[in-house]
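User: I would like to learn how to read the features of a protein model, one at a time, with the general idea before each case. Could we begin with how the exposure of a residue is described?

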Amino acid sequence: MRSYTLIAPAKINLYLEIIGDRPDGYHELIMILQSIDLADQIDLQASVTDKIRVRCDNPQVPSDNSNIAHRAASLMAEEFPEVFAKYGGVDITIHKNIPVAAGLAGGSTNAAAVLIGMNLLWNLGLTQIELEELGAKLGSDVPFCVAGGTAIATGRGEQLSPLPSLDAIYLVLGKYRSLEVSTAWAYKTYRQEFGSSYIRDANSLVSRAEAVHSGSMVKAIVHRDAAQIGQNLHNDLERVVLPIYPQVLQLREVFASAGVLGTMMSGSGPSVFALCESQQQAEQVKFHVEKTIPDEDLELFITRTTTHGIQVRSLV
């Protein structure tokens with residue numbers, strides 16, 4: 001039986017702006033997404049049965065069909081029933097390194113890895129665009145996780161425009177193990193508090209997206225100017241999450257006090273990251289946070305930006 005091992009990187013948001021409502025109930029967003037080399041390993045093995053089975057070494061991760069990796073495999077079975085009938089099911093093993101429920105697209109990148117792996121297992125020959133379109137049926141972050149790198153995401157996050165990739169900018173990432181922030185709650189609360197400021201007409205939505213494309217953050221990325229990237233970090237969801245979650249706010253403030261290039265919550269949180277000038281500074285910042293917040297519940301990672309999304313490591 002053939003099997004594949006894939007590496008599934010996490011992502012951070014360098015920019016997240018909520019600009020309006022969509023007819024489908026989601027928010028109209030403008031985001032700049034960035035892959036980092038903190039990654040899960042996904043092992044896929046063809047099964048002798050027609051079952052889809054998921055295992056994970058982290059007990060927080062479900063193994064039933066509520067797991068988005070399981071749903072990704074089910075989607076492939078539904079989209080390609082004749083191929084599914086020919087090849088059968090798949091066993092999925094997730095080796096979890098990305099913190100769970102952290103605003104880092106850990107589930108989405110697992111799903112992207114399953115799509116790519118099953119495309120290979122079943123010899124489907126799907127293109128990257130076709131895989132991204134399948135990913136959009138599973139979640140807004142999945143299309144980005146397929147290709148990774150650096151990209152502007154619009155719509156509800158599934159419409160991607162690649163940017164020049166940022167490689168090897170070091171960052172320190174922090175997340176409290178026991179702390180979770182509901183993404184649905186964060187967006188709902190933002191709508192309740194700031195919905196009156198939403199852009200209402202389609203032309204204005206397009207104009208705002210175009211402004212970001214030519215704005216200061218994109219220019220900083222094009223020039224690989226890490227200091228300017230740090231200065232232009234922006235996340236609208238901080239306006240609702242930080243007042244309710246003092247631990248996240250404190251972590252952000254401690255990062256800022258360490259003299260980093262910039263610091264921000266990723267996505268709906270509760271992860272917070274800090275951009276650093278070098279690996280040496282990242283190590284110093286991590287030490288500073290550990291001494292300032294001596295909490296065993298706080299996980300800290302030194303990682304860096306990367307130019308790619310899902311990578312195939314091996315075939316057996």
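Analyst: Buried means under 20% relative accessible area, exposed means over 50%, and partly exposed lies in between, with a 1.4 Å probe and protein chains only. By that scale Asp-21, at 32% relative accessibility, counts as partly exposed. Before we go further, please note that this is a predicted model, in which local features need pLDDT of at least 70 and side-chain atom pairs count only at pLDDT 80 or more, whereas totals for chains, interfaces and linings use all residues. Residues are numbered from 1 along each chain as its sequence is written, and side-chain values use heavy atoms, with hydrogens and water left out.

User: How should I read a salt bridge, and how many salt bridges are there?

Analyst: Side chains of opposite charge can pair when their charged atoms come close. The rule used here asks for a side-chain nitrogen of Lys or Arg within 4 Å of a carboxyl oxygen of Asp or Glu, and the count comes to twelve salt bridges. One of them joins the side chains of Asp-21 and Arg-191, at 2.8 Å from N to O. This pair links distant parts of the chain, with Asp-21 in strand 1 (residues 3-21) and Arg-191 in helix 6 (residues 183-194), 170 residues apart. Helices (H or I, at least four residues) and strands (E, at least two) are DSSP runs, numbered from the N terminus. Arg-191 is partly exposed, with a relative accessible area of 29%.

User: Which residue forms a salt bridge with Arg-53, and which residue meets Glu-79 in one?

Analyst: Arg-53 pairs with Asp-91, and their closest N and O atoms are 2.7 Å apart. Arg-53 lies in strand 3 (residues 52-56) and Asp-91 in strand 4 (residues 90-95), so the bridge ties together parts that are 38 residues apart in sequence. Arg-53 is partly exposed at a relative accessible area of 37%, whereas Asp-91, at 14% relative accessibility, counts as buried. The side chain of Glu-79 meets that of Lys-137 in a salt bridge of 2.8 Å, N to O. Glu-79 lies in helix 1 (residues 68-79) and Lys-137 in the loop between helix 4 (128-136) and helix 5 (142-147), so this pair ties together parts that are 58 residues apart in sequence. Here Glu-79 is partly exposed, with a relative accessible area of 34%, and Lys-137 counts as exposed at 53% relative accessibility. Salt bridges also link Arg-22, Asp-24 and Glu-28 in a network.

User: How do I read a helix, taking helix 3 as the case, and how many of its residues are buried?

Analyst: An α-helix has 3.6 residues a turn, so residues three or four places apart point the same way. The expected span of a helix is 1.5 Å times one less than its number of residues. Helix 3 (residues 106-121) has 16 residues and reaches 22 Å from its first C-alpha to its last, close to the 22 Å expected. It is mostly covered, since 14 of its 16 residues are buried. Just after helix 3, Asn-123 takes a positive phi of about 55°.

User: What does UniProt list as "binding site", and where is Gly-106 placed?

Analyst: UniProt positions are given in the numbering used here, feature names are shortened, and annotations may be inferred rather than shown by experiment. The unreviewed entry lists, for "binding site", Pro-99, Val-100, Ala-101, Ala-102, Gly-103, Leu-104, Ala-105, Gly-106, Gly-107, Ser-108 and Thr-109. Gly-106 is placed in helix 3 and is buried, with a relative accessible area of 9%. Contact means heavy atoms within 4.5 Å, and, leaving aside neighbours within four places in sequence, Gly-106 is in contact with Asp-40, Lys-96 and Ile-98. Gly-107 is also found in helix 3 but counts as partly exposed at 32% relative accessibility.
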